[in-house]
Amino acid sequence: FPVTICGGYTTVFDMPNNVPACITKERLADKKLLINQQLRESGYPIRYELYLGADKNHFNEIEKIRESVVGVKVFMGSSTGDLLMDDDSSLHAVFSIAAHLNKVIAIHAEDECMIQSRKKQYADRHDYAVHSVIRSPEVAARAVEKVIHLVRLYGTRVYLLHVSSIPELELIRAAKEEGLPVFAETSPHHLMLNTTSYDTLHGKAQMNPPLRDPEHQAALWTAIHDGVIDTLGSDHAPHTLEEKSRPYGQAPSGVAGYRDWE
């Protein structure tokens, strides 16, 4: 029997950092076939859109799928998967292409060079809470600053994902006041949790970007009311309890939903 949805999520924007990563027209087609099959079998009338993952060796694929995706996803900082775009030449290329095709770029904005440097700086710490120290607000702000510079150069529409800190909000507010096509999202876990959550959630509180101190959490709520934050996104990452229970450095980052762990 068909299922009627009376609330909750009715549309999903699926990210490309799968295995294998969704970086070509062929993989995009395979993914759609799999999703459509699952939807037919489940009977759930979920609407969905897909992102193409920006990859340094597949820029030509963006033109091929310009009408088939909701946008292009760029990972400026390392996260789940291997879709890292951490060099300036690649970023300039994808911003230029997206502007020409009038496609939105959705961005995980963390500065990879700073992340790697701070990993070495705090190499003697192995607690989960160090994740928020390594990937500090300054790491995110450095990347957002670079994004806004590229928007000024190319006029590309950008969607900054899972914004989590005060320095990012200040940069985004200024960009909007300047009239740049910059949009921002935050996530429920950054609104509801903070760095004190490591004490009880341990590896389940490890995510990219990480949880912040309470003052950043409060600033996110203010930014929603002020219109600096445009949307809320779940940033759902369905890791298992076994994976999230591993020691820091081995556990994957990401927040799963409660039902994943029932």
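**Cavity, sheet and loops of the predicted model**

The residues lining the largest cavity divide into two nonpolar, four polar and one charged. This cavity belongs to a predicted model, and the structure holds one cavity of 30 Å³ or more.

Pro 209 is found in the loop between α9 (198-201) and α10. A cis peptide bond also joins Val 19 and Pro 20, here with omega of about 0 degrees. The place of Pro 20 is in the loop between β1 and α1.

We turn next to the sheet. Seven strands form an open sheet in the order β1-β2-β3-β4-β5-β6-β7, with parallel pairing. The edges are taken by β1 (11-14) and β7 (231-232), each of which has a single partner strand, so one side of each is left without a neighbour in the sheet. Helix α1 (residues 25-42) packs on the sheet, where it touches β1 and β2 (47-53), and its direction makes about 155 degrees with that of β2. Helix α3 also packs on the sheet, touching β3 (71-75), β4 (105-108) and β5, and the direction of α3 makes about 150 degrees with that of β4.

The pairings can be followed strand by strand. β2 and β3 pair in the parallel sense over three bridges, and the bridge partner of Leu 52 in β3 is Val 72. Strand β3 is mostly covered, as five of its five residues are buried. Between β3 and β4 the parallel pairing runs over four bridges; Val 74 has Ile 107 of β4 as its bridge partner, and Lys 73 stands opposite Ala 106 in β4. β4 and β5 pair in the parallel sense over three bridges, with Ile 105 standing opposite Val 158 in β5. Strand β5 (residues 158-160) in turn pairs with strand β6 (residues 182-186) in the parallel sense over three bridges, and the partner of Tyr 159 in β6 is Phe 183.

In a regular strand the side chains alternate between the two faces of the sheet.

Ser 90 lies in helix α3 (residues 88-101). With a relative accessibility of 7%, Ser 90 counts as buried because this value is under 20%. Leaving aside residues up to four places away in sequence, Ser 90 touches Lys 56, Phe 59 and Met 85. Ile 134 is found in helix α5 (residues 130-134) and is likewise buried, at a relative accessible area of 5%. Under the sequence limit of four places, the contacts of Ile 134 are Ile 115, Arg 118, Lys 119, Tyr 122, Val 139 and Tyr 248. The C-alpha atoms of Ile 134 and Ala 123 are separated by 9.6 Å, the two residues being 11 apart along the chain.

Backbone angles deserve a word as well. Asn 102 has a phi near 60 degrees, a positive value in a residue other than glycine. Asn 102 is found in the loop between α3 and β4 and counts as exposed, at 51% relative accessibility. Asp 235, although not a glycine, has a positive phi of about 50 degrees. This residue lies in the loop between β7 and α11 (241-244), and Asp 235 is partly exposed, with a relative accessible area of 31%.

Note on methods:
Residues numbered from 1 in each chain as written. Predicted model: local features only at pLDDT ≥ 70, side-chain atom pairs only at ≥ 80, totals over all residues. Heavy atoms only, no water. Helix = DSSP H or I, 4+ residues; strand = E, 2+ residues; numbered from the N terminus. Buried < 20%, exposed > 50% of the residue type's maximum accessible area, 1.4 Å probe, protein only. Contact = heavy atoms within 4.5 Å. 1 Å grid on protein atoms, 1.4 Å probe; cavity = no way out; pocket = protein on both sides within 12 Å on 5 of 7 lines; lining within 4 Å. Points joined across faces, edges and corners; volume = space filled by probe spheres on them. Nonpolar A, V, L, I, M, F, W, Y, C, P; charged D, E, K, R; others polar. Pairing = 2+ DSSP bridges. Axes fitted to C-alpha atoms, helices over the stretch in contact; angles between N-to-C directions.
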